[in-house]
Amino acid sequence: MAYALVLGGGGVAAIGWETGLLKGLRDAGADISAADLIVGTSAGSVVGAQIATDCDLDDLYARQLQPPDPAFERLPAVGVAALGRVLAPFLRGGPMTQETLARIGALALQAATEDESGRLATIRARLPIHTWPDRRLLITGVDAASGAFVTWDRASDVPLPLAVAASCAVPVLYPPITIHGRRYIDGGTRSSTNADLARDCSMVFIIAPMPGTMGEVPALRSQGSRVELILPDAATLAAMGANPFDPVRRAAAAQAGLAQAASCAAAVSAALSSSAAYSK
């Protein structure tokens, strides 16, 4: 397969940053939104679904600059500090095993959060198009009961908004999402990017708002893939603030992403031009 775009998780601020960054890269002549494979995790599943369904980047960016809609964008009842305290014991334990993910899933199933239907309405409002694209799009999630890692695509018999809602179901903050009788949590609990899903691609662009250990990068490179990793710069981190789940942060993060694109456009263009998989 030619080249992949991997979009990681990081709250609504990450949605804004990724959108601004992709628009800025396109405006600079380094468009990577036409990737053969798009892997979306958590916030990245929203952006991935939007661009895979050929939504216009200018329109998507303009949406990020709008004030939060109180009908669909609210701070989670549990604060990000409380989330950190809940997850900290698991994050210190090294790589996420299926057993560890199941323990996190058990906490998510017990947590008092908003109703599933309300959460799904929020996700549907973020997606201009609700049908799976013809392009290869993988959305990640984790079975809350078993801890098994799952991916959904157009062949999965799962509505796109439902798959995205499951991938965005941050444990304790948002409710696990029911799909075919089972409940699922955020794909980011397994990895912030799940970039290993792009292992068959010769060129992999990873946009990682919350990179974590990023153990996938050396693994991808060791098997011959060229990897370009884009992380938030200092201005972006300041724009995201202490709580990337706060919808008020979305617009500033989008603007920071647009500005950051100028500093990485040359490297992205060079990677595209040098890849035998890329042709204008």
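This is a predicted model: local features need pLDDT of at least 70, side-chain atom pairs count only at pLDDT 80 or more; totals for chains, interfaces and linings use all residues.
**View 1. Helix α1 packs against helix α10.**
Two packed helices are described by the angle between their axes and the distance between the axes. Here α1 covers residues 11–27 and α10 covers residues 250–274. Their angle is about 40 degrees. Their axes lie 6 Å apart. The two helices are therefore oblique to each other. The crossing of α1 and α10 is right-handed. On the α1 side, the contact is made by V12, A13, G16, W17, G20, L21, K23, G24, L25 and D27. On the α10 side, it is made by R250, A253, A254, A256, G257, L258, Q260, A261, C264, A265 and V268. By class, the residues of this contact divide into 13 nonpolar, 5 polar and 3 charged.

**View 2. Helix α1 also packs against helix α3.**
Helix α3 spans residues 57–64. The angle between α1 and α3 is about 145 degrees. Their axes are 9 Å apart. This crossing is left-handed. From α1 come I15, G16, T19, G20, L22, K23 and R26. They meet L57, D58, L60, Y61 and Q64 in α3. The contact of α1 with α3 has 5 nonpolar, 4 polar and 3 charged residues. G16, G20 and K23 of α1 are among the residues that touch α3, and these three also take part in the contact with α10.

**View 3. Helix α6 crosses helix α7.**
Helix α7 runs over residues 160–167. Helix α6 packs on α7 at an angle of about 110 degrees. The axes are 9 Å apart. The helices are therefore roughly perpendicular to each other. The crossing is right-handed. L120, I123 and R124 in α6 meet P161, L162, V164 and A165 in α7. The residues of this contact divide into 6 nonpolar, no polar and 1 charged.

**View 4. The model holds a cavity lined in part by α1 and α6.**
Rolling a probe the size of a water molecule over the atoms shows where empty space is left. A search of the whole structure finds 1 cavity of 30 Å³ or more. The largest cavity has a volume of about 80 Å³. Its lining is made of G11, V12, I15, S42, A43, R119, R126, C168, V170, Y174 and F245. The elements that give two or more residues to this lining are α1 and α6, the latter covering 116–126. The largest share, 3 residues, comes from α1. By class, the lining of the largest cavity has 7 nonpolar, 2 polar and 2 charged residues. V12 lines the cavity and also belongs to the contact of α1 with α10. I15 lines the cavity and also meets α3.

**View 5. The second largest pocket draws on α2, α3 and α6.**
About 270 Å³ of space lies in this pocket. Its lining has 14 residues. The closest to the pocket centre are R63, E73, A125, R126 and R250. Helices α2 (43–52), α3 and α6 each supply at least two lining residues. Helix α6 gives the most, with 3 residues. By class, the lining of the second largest pocket has 5 nonpolar, 4 polar and 5 charged residues. R126 lines this pocket and is also one of the residues around the largest cavity. R250 lines the pocket too, and R250 is part of the α10 side of the contact with α1.

Key
Residues are numbered from 1 along each chain as its sequence is written. Side-chain values use heavy atoms; hydrogens and water are left out. Axes are lines fitted to C-alpha atoms, for helices over the stretch in contact, and angles run from 0 to 180 degrees between N-to-C directions. Helices (H or I, at least four residues) and strands (E, at least two) are DSSP runs, numbered from the N terminus. Angles under 35 degrees count as roughly parallel, over 145 as roughly antiparallel, 65 to 115 as roughly perpendicular and the rest as oblique. A crossing is left-handed if the near helix is turned anticlockwise from the far one by less than a right angle, and right-handed if clockwise. Contact means heavy atoms within 4.5 Å. Ala, Val, Leu, Ile, Met, Phe, Trp, Tyr, Cys and Pro count as nonpolar, Asp, Glu, Lys and Arg as charged, and the others, Gly among them, as polar. On a 1 Å grid over the protein atoms alone, a cavity is a set of points where a 1.4 Å probe fits but cannot get out, and a pocket is an open set with protein on both sides within 12 Å along at least five of seven lines; lining residues have an atom within 4 Å of a point. Grid points are joined across faces, edges and corners, and a volume is the space filled by probe spheres set on the points.
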